[in-house]
Amino acid sequence: MLFYYLCQGKIRNYILLLASIFFYAWGGVNYVPILLISILINYTFGILIFKFNKKSNLSKLLLIIGVILNLSILFYYKYYDFTINNINNIFNSNFQLKQIVMPIGISFFTFQGMSYIIDIYRGVATVNKNPFLVALYISLFPQLVAGPIVKYKDIDSQIRNRKETLKKFSYGIERFIIGLAKKVIIADILADFIAWVIPYSYNVIDTPTAWLGIICYTLQIFFDFSGYSDMAIGLGYMFGFKFMENFNYPYISKSITEFWRRWHISLST
């Protein structure tokens, strides 16, 4: 942040990009190539889709291939062993599991990569021919590992030109503190209690304790996830970005449909 505000103009984006790559590498250097491959795929297909946009069939084919490549990476790292394990259980087979360790935040940067090429195909955003700025969009560290998922069309103009202000910065600090408090003071404390309740069988704990565990888990997943989102939104404001809200009081919903609109809003939209 110090380097960011000591510098002026477009170099701030490059400082953010370096910070984002460093941030991701901190969670596992071995996963950085996967992130870079995702960036390269989406940058390349973004250029091609934009180039052949008037030839709609070819542009649509390129979009489909780009989406398949993105989802293939996601499937391999997140669902390959899960799928093989279920096949073994259902058909009593003995296929070998690969014991794949899932890269941090792969769902989030995959969806953002797809948003880039989809928004270009739809014509709601302009292709960015600077690969470093595409990399910044996909890897932007405040929301890289836990969301909210930011659509390219919503942030394109902010990457190219944004204004940092003291008002934004102070609000960002406030929002970050709220998110951190949700996570550490509420969610993590509830998680300790849940870890104590869940290992017991239903015929060992009494009904009030079971219900208390259910309620605590319900609150824990909300304060944990919304806390992450608040921290991401707060960090974004500190650097001049405005990310979309990800939660809107989901537990006051009157139906499942309304709950879907209020919980993890960036994914459902």
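The following dialogue goes through how several labels are assigned in this predicted model.

Tutor: The model is predicted, with local features needing pLDDT of at least 70 and side-chain atom pairs pLDDT 80 or more, while totals for chains, interfaces and linings use all residues. Residues are numbered from 1 along each chain as its sequence is written, and side-chain values use heavy atoms, leaving out hydrogens and water.

Student: Why is helix 2 called oblique to helix 3?

Tutor: The axes of helix 2 (residues 11–26) and helix 3 (residues 32–51) cross at roughly 140° and come within 9 Å. Helices are DSSP runs of H or I with at least four residues, numbered from the N terminus. Axes are lines fitted to C-alpha atoms over the stretch in contact, and angles between N-to-C directions run from 0 to 180 degrees. Under 35 degrees counts as roughly parallel, over 145 as roughly antiparallel, 65 to 115 as roughly perpendicular, and the rest as oblique. Helix 2 is therefore oblique to helix 3.

Student: Which residues make the contact?

Tutor: Helix 2 supplies Ile21, Tyr24 and Ala25, and helix 3 supplies Val32, Leu35 and Leu36; contact means heavy atoms within 4.5 Å. The contact of helix 2 with helix 3 has 6 nonpolar, no polar and no charged residues. In this scheme Ala, Val, Leu, Ile, Met, Phe, Trp, Tyr, Cys and Pro are nonpolar, Asp, Glu, Lys and Arg are charged, and the others, Gly among them, are polar.

Student: What makes Tyr4 and Tyr5 an edge-to-face pair?

Tutor: Rings of Phe, Tyr and Trp (its six-membered ring) pair if their centres lie within 6.5 Å; planes under 30 degrees apart are stacked, over 60 edge-to-face, and the rest tilted. For Tyr4 and Tyr5 the values are 5.1 Å centre to centre and 75° between the planes. The rule gives 24 aromatic pairs.

Student: Is Tyr4 buried or exposed?

Tutor: Buried is under 20% relative accessible area, exposed is over 50%, and partly exposed is in between (1.4 Å probe, protein chains only). Tyr4 has 1%, so Tyr4 is buried. Tyr5, at 30%, is partly exposed.

Student: Why is the pair of Tyr5 and Phe169 called edge-to-face?

Tutor: The ring centres of Tyr5 and Phe169 are 5.8 Å apart and the planes stand at 85°, so the edge-to-face label applies. Tyr5 is in helix 1 (residues 2–6) and Phe169 in helix 8 (residues 166–197), 164 residues apart, and the pair links distant parts of the chain. Phe169 is partly exposed, with a relative accessibility of 21%.

Student: How do you know that Arg12 lies over the face of Tyr4?

Tutor: A charge sits over a ring if NZ of Lys or CZ of Arg is within 6 Å of the ring centre and within 35 degrees of the ring normal. Arg12 is placed over the face of Tyr4 at 5.1 Å from the ring centre.

Student: Why is Asn92 called exposed?

Tutor: The relative accessible area of Asn92 is 72%, so Asn92 counts as exposed. Asn92 is in the loop between helix 4 (56–91) and helix 5 (106–122), and its phi near 55° is a positive value in a residue other than glycine.

Student: What is the phi of Gln99?

Tutor: Gln99 is not a glycine, yet its phi is positive, at about 55°. Gln99 is in the loop between helix 4 and helix 5 and is exposed, with a relative accessible area of 61%.

Key: Helices (H or I, at least four residues) and strands (E, at least two) are DSSP runs, numbered from the N terminus.
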